[in-house]
Every structure is written in C-alpha cells, then in structure tokens.
Amino acid sequence: MFDAAFTPRRRAVLLSLAGVPVLLSACAKTADDGGGSGGGDRSGALTVGTTDKVTALDPAAAYDNGSSTVWTQCYGYLMGTSVGSEDGKPEPDLAESGEFTSENVYTVTLQEGLTFANGNELTSEDVKHTFDRQLKIADPNGPSSLLGNLEEVVAVDDLTVEFHLTEPNDQTFPYVLCSPAGPIVDADVFPADEVLSDNDIVDGGAFCGPYQITSWKINDLVSYQAFDGYKGIFGAPATQKVSMSYYADQNNMKLDIQEGNIDCVWRSLSATDIEDLSAEDAVTVHEGPGGEIRYIVFNVATMPYGTKTDDADPAKSQAVRQAAADLLDRAAISESVYKGTYTPLYSYIPEGLPGSGTQFKDMYGDGEGGPDAARAKKRLEDAGVEIPVQLSLQYNPDHYGASSGDEYAAVKSQLEADELFVVDLKSTEWVQYNKDRTSDVYPAYQLGWFPDYSDADNYLSPFFVTDNFLVNHYSNEKVDQLIAQQRGTQDEAEREALFVEIQDIVAEEISTLPLLQGAQIAVSTSEVEGVTLDSSFKFRIAPISK
C-alpha cells in the first residue's frame, strides 16, 4: 500500500542528453560483411563482438541473453553479484542493504544520492514503479514470471522499499532482484502500463548502470559511455568508451578477433572456432563455470495428442515425449557437434548445483545414457500411439550459434533412426521465433537457458510453475506446491531433497527434454585484462580494459 504521507517528487524528463557526446563506432562496418567487421580509429575504446540478438531495451519486454547482456551494462539493480564471486550470492548493488524484516517482507534501503544519467533522482518511487510495471505489463516474452511471489511493493520513504511476498521466507527473492526482472527504470521515462520503444529509452537517458547508451542501432551497433553517477557494486568502469557490434556471421567475428580488429568476443563461436583460437598466442580463451543448458520444449497443447488437438489423449502425448527421451544420444551430440564444449545433461538442474541428478539416464533409454529403440517402441505401442509419430520440430539458427543446425539435424536423425518418428524439422530466425514460441506456433522447439542467478530454483520455477515463461500449457498442482515449498525452506539439505522430488515428477511428465549443458566462453586479444566469467552467469564489461 502506498504511504499517503510520501509525496512523489516531480521531475523534468530530459528527452535528449545535452552535452553528452555520441561515441563514434570503434568498429567500422563494410557493406558486405554481414555485420561487425573491425577497423577504424579505436582511440583506446574497447570493442566487443557478439552474435547474440537483442529483443528489446525495455526490461519488461524481453527475457533472453542478448537483451539481458545490454541491461547488465546500462541499468542498475538493487542487488548484484561481485566480480569473481564463486558462490553467486547476491550483495547490495544500488541498495545500501537488503534483508527480511518479517517472514513475508523483504526490505531494501537505497544508497543516498542515486541518480539516472539524465539527472533525475533515483528513489523508492522508481523501484516501486519498476516492479509494478513488470507485473502490469506481464509481456509473454518478458521476465515477469520471476515475480510470481511478489504481492505488493510499498515505498515507505525516499530510500526504503518493502517487497511484500505471498510465500514466507523466499530464499530466492534476493536473487530475483539481480535477475532480468530487476533492472531499475526511471518512473518519469517508462510508462506504467506499456512497453517503451528502444529509441525513446535512449533519448530519455534513463540509465543507472555502469554505462549509459549514447547511440543505438538494434542488433547492429551499441555505443556505451561510462556513467559517472553509478555507485553500484562494480565501481567505476575500467574503460570509458565501449562499442558492441552484432555479427550475422560468426566466421566474420572469428576473423576480426584473430586480426585484432575487435578486442573481445562474447557468444557465440563454434566448438571448432574455439579449438582453433585456443592454439593462437595473440588471443586468450576465457572459460567460466557452466550454467547454460539446451533443451527441447514440448507444447503440451499442440504436440501430437496434445490437449488442443482433435485426437487429444494425455497418455499418448506423454508416451510420445517419453519415447523421444528413450531415443536421444546426448553423448554423441556432445562429441560430434560440440567437441565436448557442451556435455550431456541428464537432469533439469545442471551438474554442480544442489539437486542435480541423473533422472534421464536412469529412467530412459538403455539406463546408461544411451538410446534404446525397443524401449521407445514398447512405450508407444502400450499407449496405442500410431507409429511413426509425425512430429514438427523447430529450431533457431541465429541465436544459439551456427551449430544449432547440426545439433538438431542430429536430434532428427536419432528420432528417425528406427522409423518410430518422422520429424518435420524447420528453422526460424530469432526475432520471429521468440514471438512464435509463445503463440502455440511450434508443437516442439529448441530453447536454451542462461540462468538468471546461481540458485537451483532458477532451473525449475520458470519452466514448471503454472503460467510459466515457456507458455507451453504445462501445469501440475503438486509441482506448484513443491516449488513454493522449496523457496521457503531454509534448511539446505531439506531444500535439496525437494529439488530431487520435483525433478522426479517433471522428468516423468517431460514438458521439456534436457539435452546439454555448456561452459561460459569468451575470447579476447592477449592485451585485454579483466574478462571474468563467474557464477553470476553475466558478462560484465565494466572490469575490462586494455
């Protein structure tokens, strides 16, 4: 409830950043290179290349790694993870402190004197506005699903904010504050009930992170300049000016880092490229703890025998999903496509986090991680499924790297090897793909997950709660109850046991099918310092220099 005694201040919105120079591209492009060919006057500025795609600059409108990477540089968060953190525990960022002041109330006190790059003050009004609009907009491609436990935000005074939660003692909530749902936005620039365009955000100068954006051309070039008013966990950026170029072709990006035309590469080079670059003295390959996973999503409404199909049958639909699990050979895909840079994933929680298991090794295939066609065939026959199963499977060729085509060609081959499936494999580019996947267009499709924070819950809640971000119509009341229970469990051993119980249930139902997990990889020229890939699972430019 908003305190009537707290009078909101009125601030002038700066529609342009007077006096702020526009950073010229430190990475000139040619007309035929597909994006991101280096060169030009670098003048000490840092240049970063990526093949990731950005969906939106508004934090309410996207939930993907490319967009989140931009947000990490230009927005502030209440909580963050220090560079080099081994456990990924949240620490105060824009906040002075954050703590549970009762079972259902998490209270944050802001630092004094915070501002946005446009000169507007940053107070509890902006914090309340940020989270209220996430819930109000609830964009199907946005991160509002991470706020499922948030009932109300109360601005107590200019520096104090209370988050009232529906479930007590939510152990994940401090992590949520440093997740893609957490970038703090300017209440005088961002509307309360609709998404703001990229250009209006840049013109409004509503940035409070280590950097402000000085020029923006989506999925082409972003220019950053250090924001002197940033008072967060990263400190002053090591490099004042940074440009990030977006490549359509990873081969061009590899060539540019080899020739020193750019300083650093963050996502995505092929396994062969990484192997080649590891042998070169002029570059350094940086590897961080793995958290990324690859998996297949089943739309339980539109897949074969799904709930919205003419021949809907839950038992047959589940048998189709389980048979697919019986036929996959993750180790073969790991070696043939990724040369071991991605490894087999046999549970929903990846290896290295509490609750990681081997459900998909134990319950499917030959029981050792390999395929078993006879077992798959028996499942289908016992359920009365017509063989071969006609399955439409979609993948994305430009967001998860060029190897996605080889990966899904291998999946198709494995499913069809014993004539139990006929797979109609198609691809769609990311911007359209990200819209289609939430609109019941794809019965089954590729997705990758880059964790929002280093807690095992982040591999469960977003996927398996009712009204999850996949929008794949999966719902199980028992799973909802268990997920809520583990979030409020403070004993680590009890919580881990709940992780296992949840996975045992969802591994039998298979609304998603885990495939692979991978390490974080970045490549820089040898003169670059400060590239740190840690348990935050975020790429931070602020510590990097040359």
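Guide: Start with a helix pair: helix α7 (residues 314–327) and α10 pack at an angle of about 175°, with their axes 8 Å apart. Therefore α7 is roughly antiparallel to α10. This is a predicted model: local features need pLDDT of at least 70, side-chain atom pairs count only at pLDDT 80 or more, and totals for chains, interfaces and linings use all residues. Residues are numbered from 1 along each chain as its sequence is written, and side-chain values use heavy atoms, with hydrogens and water left out.

Visitor: How are two packed helices described?

Guide: By the angle between their axes and the distance between the axes. Axes are lines fitted to C-alpha atoms, for helices over the stretch in contact, and angles run from 0 to 180 degrees between N-to-C directions. Angles under 35 degrees count as roughly parallel, over 145 as roughly antiparallel, 65 to 115 as roughly perpendicular and the rest as oblique. Helices (H or I, at least four residues) and strands (E, at least two) are DSSP runs, numbered from the N terminus.

Visitor: Which residues of α7 and α10 meet?

Guide: Contact means heavy atoms within 4.5 Å. From α7 come Ala315, Lys316, Ala319, Val320, Gln322, Ala323, Asp326 and Leu327; they meet Ala373, Arg375, Ala376, Arg379, Leu380 and Ala383 in α10. By class, the contact of α7 with α10 has 9 nonpolar, 1 polar and 4 charged residues. Ala, Val, Leu, Ile, Met, Phe, Trp, Tyr, Cys and Pro count as nonpolar, Asp, Glu, Lys and Arg as charged, and the others, Gly among them, as polar.

Visitor: At what angle do the axes of α14 and α15 cross?

Guide: Roughly 160°, and the axes of helix α14 (residues 477–487) and helix α15 (residues 492–509) come within 9 Å. That angle is why α14 is roughly antiparallel to α15. The crossing of α14 with α15 is left-handed (the near helix is turned anticlockwise from the far one by less than a right angle; clockwise would be right-handed). Among the contact residues are Leu482 and Ile483 of α14, and Leu498 and Phe499 of α15. This contact of α14 with α15 divides into 8 nonpolar, 2 polar and 4 charged residues.

Visitor: Is α5 roughly parallel or antiparallel to α6?

Guide: Helix α5 (residues 250–258) and helix α6 (residues 271–278) have axes that come within 11 Å and cross at roughly 10°, which means α5 is roughly parallel to α6. Gln250, Lys254, Ile257 and Gln258 of α5 touch Asp273, Asp276 and Leu277 of α6. The contact of α5 with α6 holds 2 nonpolar, 2 polar and 3 charged residues.

Visitor: Now a sheet. What is the strand order?

Guide: Two strands pair if DSSP finds at least two bridges between them. Here 4 strands form an open sheet in the order β4-β5-β7-β6, with antiparallel pairing. β4 and β6 (150–157) stand at the edges with a single partner strand each, so one side of each has no neighbour in the sheet. The twist averages 20° from one strand to the next. Helix α2 (residues 124–137) packs on the sheet and touches β5, β6 and β7 (160–165). The direction of α2 makes about 165° with that of β6.

Visitor: How many bridges pair β4 with β5?

Guide: 6, between strand β4 (residues 95–102) and strand β5 (residues 105–110), in the antiparallel sense. A hairpin of 2 residues joins β4 to β5. Phe100 stands opposite Tyr106 in β5.
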